[in-house]
Amino acid sequence: MAALRSVVLAGGGTGGHIYPLLAFADCLRRHDPGLRITCIGSERGMEGEIIPQRGYDLRHVPAFQLPRSVNMNLVRTPDRMYKSAKATREILDEVEADAVVGFGGYVSVPAYLAAWRRKTPTIIHEVNVPVGVANKMGMRFTKHIVLGFPHQAQQIPSVAHAEVVGVPLRQSIATLDRAALRERARAHFGLDPHLPTLFVFGASAGARSINLAVSGAAKQITGSGVQVLHIIGARNDDVEVPTGLPAPYVKVKFLSEMELGYAAGDLALCRGGAMTCAETAAVGMPAIYVPLPWGNGEQRRNALPVVEAGGGLIVEDGDLSPQWVTDTVVPLVRDGARLAAMSRAAAGYGRRDGDEALRRYLLKVVGA
């Protein structure tokens, strides 16, 4: 088997691309501390705030949104892509890359192009239905496609034979024992150790509709003996919550240690991003998913298999309101037997070994 000495990981823009990249980087480093790991990102994405803090080398290359219609950006695209791919090729040469693994986002495209021209083995990791624009383009240059979820192979003919490896998750989540950590997690947030707990969050930037629905029902929730842990979102405006509530209602802007939130909560109310669905299922977190109401419906497709397995519910964004929270969420979070069954179902659908499975696939490709 060929030695793996240097690997380049490409992905950026949103947490859905960056967090699995980082989880995979951590896995590679656990197995081989001497492996050279280089991350490719853009200057405008979240990666600049996150990747260097985790101790990884981040190289910036120009990244441009791929046009979806005929306009001036389409005319400029070939020249822009050539420059981006050339800059990326120089990085691959410098670090003597043995392989490239891409997780999506526009910055992945020049990495796929540069690797193809350099004849460097390339793997594309995809978690959405339909396939993201950047990864869809990258699929023209490599046959090594891996998927995060089984339903993708069933719903996308072009990847029907791709291997399902799961989604790389950070070790603090992949190894989480919610019950064992619950008491410490609730103490961390100043929550009551015994009350039913609703854990509310959006994506990495939060979700305004969820924020308003839950904060608007704060009196009814806490009056029913339910406490709330609510991540507002770093890029969202704060929400008003009444004072003097009968049960704790804890707001935080951002939570880097999501495992504490999963451990503290009995039920999650959240979006349906691929990373969110992968994490909630893996740790056995019963969840009510509120898919984004725009885009091409990928968040609903992400959440639906977990729901069909019995691990959650779906509510449309337009139907979410303080009254819906009062009528539907509160009775569910107080129903311990139903939540226990949902937890078992979610955990049965989820998987915790996405990082290790992707590493095995990478070694197989490099060895071939």
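Strand β9 and strand β10 (residues 249-252) run parallel and are joined by four bridges; strands are DSSP E runs of at least two residues, helices are H or I runs of at least four, and both are numbered from the N terminus. Two strands count as paired if DSSP finds at least two bridges between them. Within this pairing, Val228 lies opposite Tyr249 of β10. The model is a predicted one, in which local features require pLDDT of at least 70 and side-chain atom pairs count only at pLDDT 80 or more, whereas totals for chains, interfaces and linings use all residues. Residues are numbered from 1 along each chain as its sequence is written, and side-chain values use heavy atoms, with hydrogens and water left out.

Because five of the five residues of β9 are buried, the strand is largely enclosed by the rest of the structure. Buried denotes under 20% relative accessible area, exposed over 50%, and partly exposed the range in between, with a 1.4 Å probe and protein chains only. From β9, Gln227, Leu229 and Ile231 point one way, while Val228 and His230 point the other. Strand β8 (residues 197-200) is likewise covered on both faces, with Thr197 and Phe199 buried on one side and Leu198 and Val200 buried on the other.

## The seven-stranded sheet

An open sheet is formed by seven strands in the order β3-β2-β1-β4-β5-β6-β7, with parallel pairing. At its edges are β3 (57-60) and β7 (163-164), each of which pairs on one side only. Helix α1 (residues 15-31) packs on the sheet and touches β1 (6-10), β2 (36-41) and β4, with its direction at about 165° to that of β1. Contact here means heavy atoms within 4.5 Å. Axes are lines fitted to C-alpha atoms, for helices over the stretch in contact, and angles run from 0 to 180 degrees between N-to-C directions.

Strands β4 (residues 99-102) and β5 (residues 122-126) pair in parallel over three bridges, and Ile123 of β5 is the bridge partner of Val101. Helix α16 (residues 354-367) lies across β1, β4, β5, β6 (145-147) and β7, and runs at about 155° to β5.

## Nonpolar cores

The largest nonpolar core has 66 residues, of which Val7, Leu9, Val101, Phe199, Tyr262 and Leu362 touch the most other members. Such a core is a set of buried Ala, Val, Leu, Ile, Met, Phe, Trp, Tyr and Cys residues joined through side-chain atoms within 4.5 Å. A second, separate core comprises 26 residues, including Val290, Val330, Val333 and Leu339.

Apart from neighbours within four places in sequence, the contacts of Val7 are Leu28, Leu35, Arg36, Ile37, Thr38, Ala99, Val101 and Leu362.

## Cysteines

The whole structure contains zero disulfides, a disulfide being a pair of cysteine sulfur atoms within 2.5 Å. Cys39 is buried at 0% relative accessible area, and its sulfur is 14 Å from the closest cysteine sulfur, that of Cys27, too far for a bond. Cys277 is also buried, at 1% relative accessibility; its sulfur is 6.9 Å from the closest cysteine sulfur, in Cys270, which is again too far for a bond.
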